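The points below are numbered for reply.

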Amino acid sequence: MRHLLAATALIALASTANAAGPQLTPAQREATHAMFEHLINTPTVIGRHKVPEMAQFVADQFKAAGFPEGDVHVMPYHTASATTGEDDTAALIVRWRAAGTPKAKPVLLMGHMDVVEAKREDSTTDPFVMTERDGYYYGRGTIDMKDGITAITQAMINLRKAGFKPTRDIVVLFTGDEETNGIGAQNGASQWLDLLGHPEFGLNADGGGISFNPDRSPAGATMQTAEKTFAGYTLTVRNRGGHSSKPRKDNAIYSLAHALDKIEAYRFAPMLNETTRAYFSGREKLEKGPLGDAMRRWLANPNDGEAADFIEASESEVGLTRTRCVPTRLFAGHADNALPQLATAMINCRIFPGVDPNAVKAELEKVVTDPTVVVTRNDDYVASLASPLRPDVTGAFTRAVQTLHPGMPVFPEMSTGASDARPFRVAGIPVYGVNGGWVVVPIDNRAHGKDERLPVQSLYDNVVHWQMMLKDLAGK
């Protein structure tokens, strides 16, 4: 009975979500379902060597729909790192050329085909077999992000069959290692730029989205225009060690633990940029309690650190007011009966856009204070940049969202996580996360987690959303 009630509520929400908007035809729904099922059933986890197979499958869908073979490219490449191992993967590049002389530089459509690992014993359904249940599609990648791959692909196929003629080139880049190393995006923003036609801007299906509350009220739609910089640091303490029966005050583990205590207590200075100011300006209209009051106080006075701290303490807003650093891995000692000669901690930082990771390293060194604790960088990432709030993209996203979901508030957001957008933004190509899938929050926030799922109707609404976006931005 509980499952029946949940399914009935979701069906009611689905009808509310897009009560009068445009819909796919039955044939288009069937084709979308078939493609989505094939993608979910392909376990594109690093090390399983399945991404090239998926890339070829999607390429074949484009070619079968009439896209010229010379404009559809499966790009094999090797991805590797010390933490994720090695794999041969692939990207897919598709170019839909403008009818006649292009009126503008290309628009880039982005997404990634790989997914994170999921174990059968951790889920109620097989994560690599798409299962429809209680008004949802279950499976790894249903939200992150094979729904976006399916929606972009099917939208382009539908538009081509309907006779749509773009006035600028539309270029697709689906990468194969976003969840691990991001080499595909780095290649796209450098050595593959000629194939991509040096796009004016990108639209990323791995960002943005639409949320409803469990009571069917709109929680808001977000357009991702910025993301934090991912950077890793190592704290290292070395010591001469000795016999554990003769403990001394100087101990590598104690020194490291004290340093971690200081990092736990430390708060980086709160910051606002164009994206986060617009985000909180939208969010404060939806938040009527103490959290909303804090947002209003901080927007009125960016120096109100107490208000920013209150916002940061909220699980829904954590990471949006400043740089955050947290330990993620520890290693220490070499024997049960010996004083440790080495203790290390991996510190993962998500840095506010525009802040140099080297400046964060220097700040961590000041926080730790202990000269025996050495701080080093683990990567060479440069600062991620925010994309400007372009009126054409903002307008197209807002129109598509509110056509399907009338009255839905729309505002930009800064992601605390990382995506393939970062190297393009660094290369001077602004990217906007504009996916049109919708979920019920917080119960559907399951990306990378147990029983990842997507409302059935959300998949089909997303295809329509991308069709509207492309008509708006590549049809004028």
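1. The lining of the second largest cavity divides into 3 nonpolar, 4 polar and 3 charged residues. Here Ala, Val, Leu, Ile, Met, Phe, Trp, Tyr, Cys and Pro count as nonpolar, Asp, Glu, Lys and Arg as charged, and the others, Gly among them, as polar. The residues concerned are V45, I46, V51, T79, D87, T89, D114, G176, D177 and T180.

2. This is a predicted model, in which local features need pLDDT of at least 70 and side-chain atom pairs pLDDT 80 or more, while totals for chains, interfaces and linings use all residues. Residues are numbered from 1 along each chain as its sequence is written, and side-chain values use heavy atoms, with hydrogens and water left out.

3. The second largest cavity has a volume of about 40 Å³. A cavity is a set of points, on a 1 Å grid over the protein atoms alone, where a 1.4 Å probe fits but cannot get out; lining residues have an atom within 4 Å of a point. The volume is the space filled by probe spheres set on the points, which are joined across faces, edges and corners.

4. D177, one of the lining residues, sits in the loop between strand 6 (170-175) and helix 5 (183-188). Helices (H or I, at least four residues) and strands (E, at least two) are DSSP runs, numbered from the N terminus. Beyond its neighbours within four places in sequence, D177 is in contact (heavy atoms within 4.5 Å) with Y77, T79, D114, G182, I183 and G184.

5. The structure holds 2 cavities of 30 Å³ or more. About 60 Å³ of space lies in the largest cavity.

Notes. On a 1 Å grid over the protein atoms alone, a cavity is a set of points where a 1.4 Å probe fits but cannot get out, and a pocket is an open set with protein on both sides within 12 Å along at least five of seven lines; lining residues have an atom within 4 Å of a point.
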